[in-house]
Amino acid sequence: MFPIPSDQEKHQPSTAEEIDTGHEQINRQFDLNTADIAAHTPSLRGRKLTAAVAFVAGTGFTLFGYDQGVMSSLITGNQFEASFPEVIVEASHPNHATLQSFTIAIYEVGCLFGALSNLWVGDKLGRRRTIVLGGSIMIIGAILQVTAFSFAQLIFSRILTGYGNGLITSTVPTYHAELSPSAKRGRMIMMEGTLIVAGWVDLALFFVNWSSAQWRVPIALQLVFEIIMVTCIGFLPESPRWLVKHGRNAEAMAVISAMEDKPFTDSEVQRTYYGIREAVAVETSSQGSLRELATGGRSQNFRRTVIAVVCQMMQQLTGINLTILFQRLGLSDVNARITAAANGTEYFLASFIAYYAIDYVGRRQLMLIGTIGQCIVMLLLAILGYVNDGPAQIVSVVLLFGFNTFFAIGWLGMAWLYTNSLTCFSPASNWTFNFVVVMVVGPSFNNISWRTYIVFAALNAAIVPVIYFFFPETGGRSLEDLDVVFALAHVTGEDPVKVSLRRDVPLAGSREADEILGVGTGVQYHHPTKLLTSFSFSSEVKTPV
């Protein structure tokens, strides 16, 4: 005989009933059709999706590093000089030194305009299509560079390539961050800034001194990265934040579910989705105009913009572009290129320190450690430059490796990770001061020699208090959680730095966060939480679950 089930067992909900209840809850709470969510489910989920996004983002930033750095070593090659005599520095043409710097730095001008135009282009096209547009422009620009036979074509193609790169560098970190779980966001984005291939490719082809392939092949190599990026981005989902902003909520929920590798009925997925709805509601209330960048209030747009712009500015003012000038330390042309290639490899390896430390040490601490170390190295370089004998030059080369180590720890990927958490406006600052530093470094060494290192030592020393007193800690928080941090600081009148160091700030997606942000998204809560009227802003309050 079969056992007769008890009344309690009869009324126990089946798995199918639980799923139906979860679907009804989604429909009721978020006004989403579960069939639409299922229809937009990405083909990749969890670790596979995270790895694919990291691969495409890393390819995009490889372009950034490669195309920016490749020209610095090519420009002094005999075949490049034969093709473009305008860059040959000699006594009869002293202005050619400026043209040489201009050829390198004009790329940053294109990047600047690309980054600025992304303020309008990026929101209309979306993250993926903007990356495709930027990559396509870079492909055209790279082809024009490779086929250049006149100085005018070279300059035009570098501006065009820079414009595409400006679109990419102002989109890829945002796209990567919005598709990375907050627990992994730091490590994933820190890996974007690494590059080891440019120096060795240039060195290998330096000995091909009988053909213009000496400089055309290294420039053409970037086409491989561009084609990979443009092709692979088509297999990835759009950013959930952009989807919500454009009313594609079901698709956004599906992407978040895939990103977290959990069903869309999971409470954590729903909280993440709702936190994005909060952030978008705040953005919508400001109409997204440039004027809003100068406003305060709960969003603290002006403060966040200034912090991000200053952060990217300081990355360039640390003196990273000084470390490629090995020939100024008495090295021969070949030895300088070998040392630069080895330096790039060490640069890459040093970046793993930040990769493993970012989620344990925090953003602020790594920036402080890196900046203090850079300041000390610059002072030592100035002393050795004053001595300027054989042993001093050898020690100076070693110190430049040390500088790159500190920069990799504190600034290489950090500036992009940190500023991306605050505003998308900052890449324009990076390209502006990149241009300034590249144009200034050469004439500075020609005029004041080793004293240039003292200038950058002073700049690094000035950066330390700026980080300590004005830069909030962003580690361990999602992009939407940071909106709550700044709003809470405004409501309570506290310093955002101090608020960011607290562990009792409400999570985005909670009722308390809604009240702090001063927004209403129309979403019905199904988890009981305390109202803001009973919420204390003291440090005694725990983060609501």
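This is a predicted model: local features need pLDDT of at least 70, side-chain atom pairs count only at pLDDT 80 or more; totals for chains, interfaces and linings use all residues.
Trainee: How many helices and strands does the secondary structure come to, and what makes a run count as one?

Mentor: The protein comes to 26 helices and zero strands, where helices (H or I, at least four residues) and strands (E, at least two) are DSSP runs numbered from the N terminus.

Trainee: Why is phenylalanine 84 called buried, and what is said of tryptophan 215?

Mentor: Buried means under 20% relative accessible area, exposed over 50%, and partly exposed in between, with a 1.4 Å probe and protein chains only. Phenylalanine 84 has a relative accessible area of 0%, so it is buried, and tryptophan 215, at 0% relative accessibility, counts as buried as well. Of the 545 residues of the protein, 53% count as buried.

Trainee: How many aromatic pairs does the structure hold, and what makes two rings a pair?

Mentor: The structure holds 15 aromatic pairs. Rings of Phe, Tyr and Trp (its six-membered ring) pair if their centres lie within 6.5 Å, and planes under 30 degrees apart count as stacked, over 60 as edge-to-face and the rest as tilted. The rings of phenylalanine 84 and tryptophan 215 have centres 5.3 Å apart and planes at 65 degrees, so this pair is edge-to-face. Phenylalanine 84 lies in the loop between helix H5 (78-83) and helix H6 (96-125), and tryptophan 215 in helix H12 (residues 213-220), so the pair ties together parts that are 131 residues apart in sequence.

Trainee: Why is the pair of phenylalanine 348 and phenylalanine 352 called edge-to-face?

Mentor: Their ring centres are 5.1 Å apart and their planes stand at 90 degrees, so the pair is edge-to-face. Both residues lie in helix H18 (residues 333-361), four residues apart, which is about one turn of the helix. Phenylalanine 348 counts as partly exposed at 22% relative accessibility, and phenylalanine 352 is partly exposed at 27%. Ring pairs link Phe348, Phe352, Tyr355 and Tyr356 into a cluster.

Trainee: What makes arginine 216 a charge that sits over the ring of phenylalanine 149?

Mentor: A charge sits over a ring if NZ of Lys or CZ of Arg is within 6 Å of the ring centre and within 35 degrees of the ring normal. The charged end of arginine 216 is 4.3 Å from the centre of the ring of phenylalanine 149, and arginine 364 lies over the face of tyrosine 468 at 5.5 Å from the ring centre.

Trainee: How do you know that the buried residues of H23 are on the same side of the helix?

Mentor: In H23, Thr452, Tyr453, Phe456, Ala457, Asn460, Ile463 and Ile467 are buried. They cover an arc of only 135 degrees around the axis, which puts them on the same side of H23; the arc is that of the directions from the helix axis to the C-beta atoms. On the other side of H23, Phe469 and Phe470 are exposed. The buried residues of H23 pack against helix H17 (301-317), helix H19 (363-387) and helix H22 (427-448).

Trainee: Which span is expected for H23, and what does the helix reach?

Mentor: The expected span is 1.5 Å times one less than the number of residues. Helix H23 (residues 451-470) has 20 residues and reaches 29 Å from its first C-alpha to its last, close to the 28 Å expected.

Trainee: Is threonine 161 buried or exposed, and which residues is it in contact with?

Mentor: Threonine 161 lies in helix H8 (residues 151-169) and is buried, with a relative accessible area of 0%. Contact means heavy atoms within 4.5 Å, and, leaving aside neighbours within four places in sequence, threonine 161 is in contact with Asp67, Tyr107, Met138, Gly141, Ala142, Gln145 and Gln222. The backbone oxygen of glycine 141 lies 3.4 Å from a polar atom of the side chain of threonine 161.

Methods: Residues are numbered from 1 along each chain as its sequence is written. Side-chain values use heavy atoms; hydrogens and water are left out. A polar contact is a pair of N or O atoms within 3.5 Å; within protein, one must be able to donate a hydrogen and the other to accept it, and residues adjacent in sequence count only if both atoms are side-chain atoms.
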